Amino acid sequence: MAKKEALTTTRMLLVLTFLISLFSLSMCGNTSFSIDYNGNTFVLDGKPFRAISGSLHYSRVHPYYWHDRLLKMVAGGLNTVQTYVPWNIHEPKEGEYNFKGLADIELFLQTAQEVGIKVLLRSGPYICGEWEYGGLPAWLLSIDPNMIVRTMDPGYIAAVDKWFDVLMPLLKKYLHENGGPILMVQIENEYGSYFACDFDYLRFLYKKARGILGETAIIYTTDGDSRGDVKCGSIEACFVTIDFGPSNNPVANFAVQRQFQPQGPLMNSEFYTGWLDHWGNPHAHTNLDTVCKSLDKILALGANVNMYMYEGGTNFGYWNGANAPPYQPVPTSYDYDAPLNETGDITDKYIAIRQTISKYQKLPEIPIPPNTPKGKYGTTQMNFVSTIQDALDVVSPDKPVYSTYPLTMEQIRFYYGFILYRTKLPRDINQLTPLLTKGVRDRGYVMVDQVPQGIFIRDDVIQVNITGKQGQMLDILVENTGRIGFATLMNYNVKGLTENITLDGEILTGWNIYPISLENINSSIISTRQGSGPKLNNGLLTPSIYMGKVPIPTSDPEPKDTFLDMRPWVKGQAFVNGFNVGRYWPKMGPQVTLYVPKPALVSPSLPNYLVMFELENTSCPPSQPCNVIFTDKPFINAIPAGSSFSVREIKEGYNWNLRV
Ligand SMILES: CCCCNC(=S)N1C[C@H](O)[C@@H](O)[C@@H](O)[C@H]1CO
């Protein structure tokens, strides 16, 4: 309760501060942000302004830490933060809006105002960013699974029109000219990299935004630094910016911007300080000197620059996106090898970039805020609670959807995480017999009467051989591991079973479909289970729910950030006190530990529950699953050993499947 009251008080103080600043600024009436095309500079309240900015996505950092991170950005020499608006976190179901917690954009803007950092607001509707479906809400696919998003497709544009009617009036309140921190608003994102090149769509977005934001707000676009990209990504009415990573000759990069923006400030909207990860690939790394040398050249040109990312943060819950082809989901950690690491700690790159900036901009005389303390809480004994089937009354309390043939997630209007498809075996299968489908999006765990048979894998494994008796339950638990958020394959994003399942060539019919809401699991489930325990077959355990407690010493005054190291568990989803900390897959790598932010934990005098939904194997006897560890250091750069999907240890010398 105390924390909630503290947040409310903070929130009230922030609103009060914002209103006072609004009043005082409106009294003097000289708040303006504009472009001086002759002087090739931005102008803030009558003075030349050069944005030295960093990307931080509010939906990837717990709101408890927004103030800390924004203050670190100011201390790092930045005057601006750039952030994306993920439409899907704000409108998870059509017409239902969410502006709380990770989606509390107003609190974020008020915090920026209070810290004194300006905002470059990237309004979407599409944002890319390795975020689920590039920020688009999955319910668009319930309207029309064949919808071509990011075009004047009627279903898409009607939804965008309604969303902008909600978002743009909110943004208007926070424009600098109205006393807020927002300097300018970006529409769409790298549209020129998309195949459609639909100028009517860009004009629609511009007209919609202009109509609500007013005549003076600066509306801009961002595209890759090639003529082809900017040609299809920009329109006359918008200020054109480009993005490029470390480069030896930024003059050449900016020459592309000049082809479309002959006058006005030079601006690199995404200067890559690092890069994204995919499960199964090594953690990205960009050399610190390379970043600083290139940043130095950009600043020496007097250009505006936004560092992407300045802090990457975390894809909590099911919010990670994916790229394709081939289909590659991104991990829970969005560390990005950024100046502030995933948990907001200062890195050598932060110090070096700050030093580079100091050559061009006086650093503020404020101390660099300290890193947050980390809890090394040690071992937690995990206890089996229930197989997913024996917990359906909790995780899927409504009647299943019945259908002759399998339906997609979008067809039953359930969009994220897991869905279970169940039918009965039509006859005895005494020999291993092929179960076939190419329509699993993205991983399908096959069981007969809860006995694991194998795993369908999108674009990889389309056959699982099974045995069983007539009438036994054939279950396929499908995991949506994240929708593609970039390029043409964005239009191949329906999830669940998208095609029929055949058994020895015969189409199986008569399916009961269960949407799975793991968020429904709480400590009360422990006492209500009679389940018979998971079954072990082919090295796989029945996907099951396990529970343990975060062993924070009751003597500790309060909890700390910590990292869950669940090795040698294989793959699943973790929740702390109901907070979905994200997907884990240490066997795949490069991410091994999961970041558990302090605000997900409660006072050590109360139990802190860890719930794990393990899909493959706890690597210990089913009756006594392996324990897990809460450590004080992240481990997100294990080197996967390629197609063997196992992880070789590096640095820490920690063997992934042995307990130290
Ligand atoms: C592998 C394809 C990556 C596509 N994304 C690209 S080019 N990027 C540009 C994009 O604007 C940004 O949101 C991020 O998605 C960034 C990569 O981190």
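Where in the chain is Asp442 found? Asp442 sits in the loop that runs between β19 (440-441) and β20 (443-448). We will come back to this residue in point 7, after a tour of the rest.

1. Ground rules. This is a predicted model, in which local features need pLDDT of at least 70 and side-chain atom pairs count only at pLDDT 80 or more, while totals for chains, interfaces and linings use all residues. Residues are numbered from 1 along each chain as its sequence is written, and side-chain values use heavy atoms, with hydrogens and water left out.

2. The annotated active site. In an unreviewed UniProt entry, the annotation "active site" covers Glu190 and Glu270. Although these residues are spread over 81 residues of sequence, they cluster in space, with a largest C-alpha distance of 10.6 Å. Please keep in mind that UniProt positions are given in the numbering used here, that feature names are shortened, and that annotations may be inferred rather than shown by experiment.

3. Glu190. You will find Glu190 in the loop between β7 (182-186) and α7 (199-213). Helices (H or I, at least four residues) and strands (E, at least two) are DSSP runs, numbered from the N terminus. Glu190 counts as buried because its relative accessible area is 13%; buried means under 20%, exposed over 50%, and partly exposed in between (1.4 Å probe, protein chains only). Leaving aside neighbours within four places in sequence, Glu190 is in contact with Arg150, Thr222, Asp223, Gly224, Asp243, Glu270, Tyr272 and Phe486, where contact means heavy atoms within 4.5 Å. The backbone deserves a look too: Glu190 has a positive phi of about 45° although it is not a glycine.

4. Glu270 is buried, with a relative accessible area of 4%. Not counting residues up to four places away in sequence, Glu270 touches several residues, among them Gln82, Arg122, Asn189, Glu190, Asp243 and Tyr308. Its side chain also makes a polar contact with the side chain of Tyr84, at 3.2 Å. A polar contact here is a pair of N or O atoms within 3.5 Å; within protein, one must be able to donate a hydrogen and the other to accept it, and residues adjacent in sequence count only if both atoms are side-chain atoms.

5. The ligand. Of the 16 residues around the ligand, Tyr84, Glu130, Asn189, Glu270 and Tyr336 come nearest; a residue is near a molecule or strand if one of its heavy atoms lies within 4 Å of it. A polar side-chain atom of Glu270 is 2.7 Å from an oxygen atom of the ligand. Taken alone the ligand exposes 450 Å², and the protein buries 86% of that; these areas come from the Shrake-Rupley method with a 1.4 Å probe, and for residues only the protein chains shown count as cover. For Tyr84, an N or O atom in the side chain lies 2.7 Å from a ligand oxygen atom. Gly129 takes part through its backbone, with an N or O atom 2.9 Å from an oxygen atom of the ligand.

6. Asn268 is buried, at 0% relative accessibility, and its side chain reaches the backbone nitrogen of Glu270 at 2.9 Å. Residues touched by Asn268 include Ile242, Phe254, Ile298 and Asn306, not counting those up to four places away in sequence. Leu120 has its place in strand β6 (residues 118-122) and is also buried, at 1% relative accessibility.

7. Backbone details to check. A cis peptide bond joins Gly124 and Pro125, with omega about 15°, and Pro125 is in the loop between β6 and α5 (140-143). Another cis peptide bond joins Arg441 and Asp442, with omega about 20°. Asp449, in the loop between β20 and β21 (451-457), has a positive phi of about 45° although it is not a glycine. Asp449 counts as partly exposed, at 34% relative accessibility.

8. A further annotation. The unreviewed UniProt entry also has the annotation "domain: Beta-galactosidase galactose-binding", covering residues 543-601. The end C-alpha atoms of that span lie 26 Å apart, and the span is 0% helix and 42% strand.
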